[in-house]
Amino acid sequence: MSDNFWSKPEETDLELDPLTSLLAEWSDPVEDEEDFNSDFFLGLEGRRRKAAFTLIMIWGIVITLHLVAWGTWLVISVTGILAVYCLRLIVAKPAADPLPLTEGQLASAPTVSLLVAAKNEEAVIERLVKTLCAVDYPQDKYEVWVIDDASSDRTPEILDALALDYPQLRVVHRPPNAGGGKSGALNQVLPQTQGDIIGVFDADAVVTSDILRRVVPMFRPENVGAVQVRKAISNTGLNFWTKGQTTEMALDSYFQQQRVAIGGIGELRGNGQFVRRKALASCGGWNEETITDDLDLTIRLHLDDWDIDFCLFPAVYEEGVTRPQALWHQRSRWAEGGYQRYLDYWRLILRKPMGFVKTVDLLMFVMTQYIFPTALVPDVMMMILRHHGSVLAPLSALTVPFAFVGMSVGLSRINRPSPLSFAQLLGYWGQSLRGTLYMCHWIVVMVATTGRMSIRPKRLKWVKTVHQGSEERLA
């Protein structure tokens, strides 16, 4: 696929519109049909219209299912197809991570560039830089780039001082309003980097010294365009929310492993992602018109015929958010970014198939994570109005137990008990029950996000989670 297959970034206002702009969107007159069509069918444009169209379709289909006699049977049929997919995921055996590079193999190992985009990260940036500059990899074969995106705290001073002590550290200071957010920061330094493999970390990341020795061998297959390292929570024992995020990451690692094992879609998660330079170049770099660069790049890599692998060990640790409000903002951004990529690239997904298995995997994932939660609203509404049961009950009866199983297996894998005792199994079940309750917030997030995107999508800006520099780790 040629580089110009992807649209070029355009200048974008990176600040949120004032309330008046929201009111203006409500009061805009209905545009004529020709303008609607010309906007709706552009890949990166008309997100609000496409989101509204999708929402109307979901509501219309669910209401129709309640009104027709065969509605429940259709849902049961779809549930059966999803059950076959879930069963295939459960029985799949993920490949073991390759052995780490030996001392002899390091001489011919590829060069690696580690990138960190930082904005107001004085609490954690020094710890990360010192860790990355001390990884067990030849010093002449890796470099560390930290892009300070106009921080207003002590981050610039800390980085400049560290650059004097670590020769492999490169520090770039961006001016205010440089544009592009995190993607813009990464794109700015990419042409200056030397690595055959590009690693990206968040400022609060905590990594082990052998991370490069373990990740680099996963790029031996030529079709592997990226590798995502398992994410884990460093402050896991703090409260209900951080414990829930720990279980959530275990579930995500389970899904990642199983989806890759069946030939489905591996996904990037931002922190701890590694991308082959050749693959990144073929996709045009990071998209500066999206709020989740990792999820956007995931789709573009698969559309460009690259695979994304998953590394279970070691994990990259990060701080979990500790308050419901912070969790809501973070997950809303993740939900919108994930949904946004399907609105942006639906034409390419249809026009350039990724293969049968990846396409089915993508459809199942979209249905369970985005369509099903959104469909619950009209389903409940029709239950109240018509005084009968949920037409989507079969889907609920499948997805909730499957998530519970995924959490339990995921927790077992990352804790590596040998052998697994009954007491440990009960512990994993207890964590999974709590995790299931915690994961209910995703339903509310998805419903709110898909609804809001139909009215007014977020404008792009540099969005970050505040990091406190928690010392609890590797729990």
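How much space lies in the second largest pocket? About 1000 Å³. This is a predicted model, in which local features need pLDDT of at least 70, side-chain atom pairs count only at pLDDT 80 or more, and totals for chains, interfaces and linings use all residues. Residues are numbered from 1 along each chain as its sequence is written, and side-chain values use heavy atoms, without hydrogens and water.

**View 1. Lining of the second largest pocket.** Of its 31 lining residues, the closest to the centre are Thr54, Leu363, Val366, Met367 and Ile371. α14 gives the largest share, ten residues. A pocket is an open set of points on a 1 Å grid where a 1.4 Å probe fits, with protein on both sides within 12 Å along at least five of seven lines; lining residues have an atom within 4 Å of a point.

**View 2. Salt bridge between Asp344 and Arg47.** The closest N and O atoms are 2.6 Å apart. Asp344 lies in helix α13 and Arg47 in helix α3, so the pair ties together parts 297 residues apart in sequence. A salt bridge is a side-chain nitrogen of Lys or Arg within 4 Å of a carboxyl oxygen of Asp or Glu. Both residues are buried (under 20% relative accessible area, with exposed over 50%, partly exposed in between, 1.4 Å probe, protein chains only).

**View 3. Salt bridge between Glu336 and Arg452.** The N to O distance is 2.1 Å. Glu336 sits in helix α13 and Arg452 in helix α17, 116 residues apart. Glu336 is buried at 0%; Arg452 is partly exposed at 27%.

Definitions and conventions:
Points joined across faces, edges and corners; volume = space filled by probe spheres on them. Helix = DSSP H or I, 4+ residues; strand = E, 2+ residues; numbered from the N terminus.
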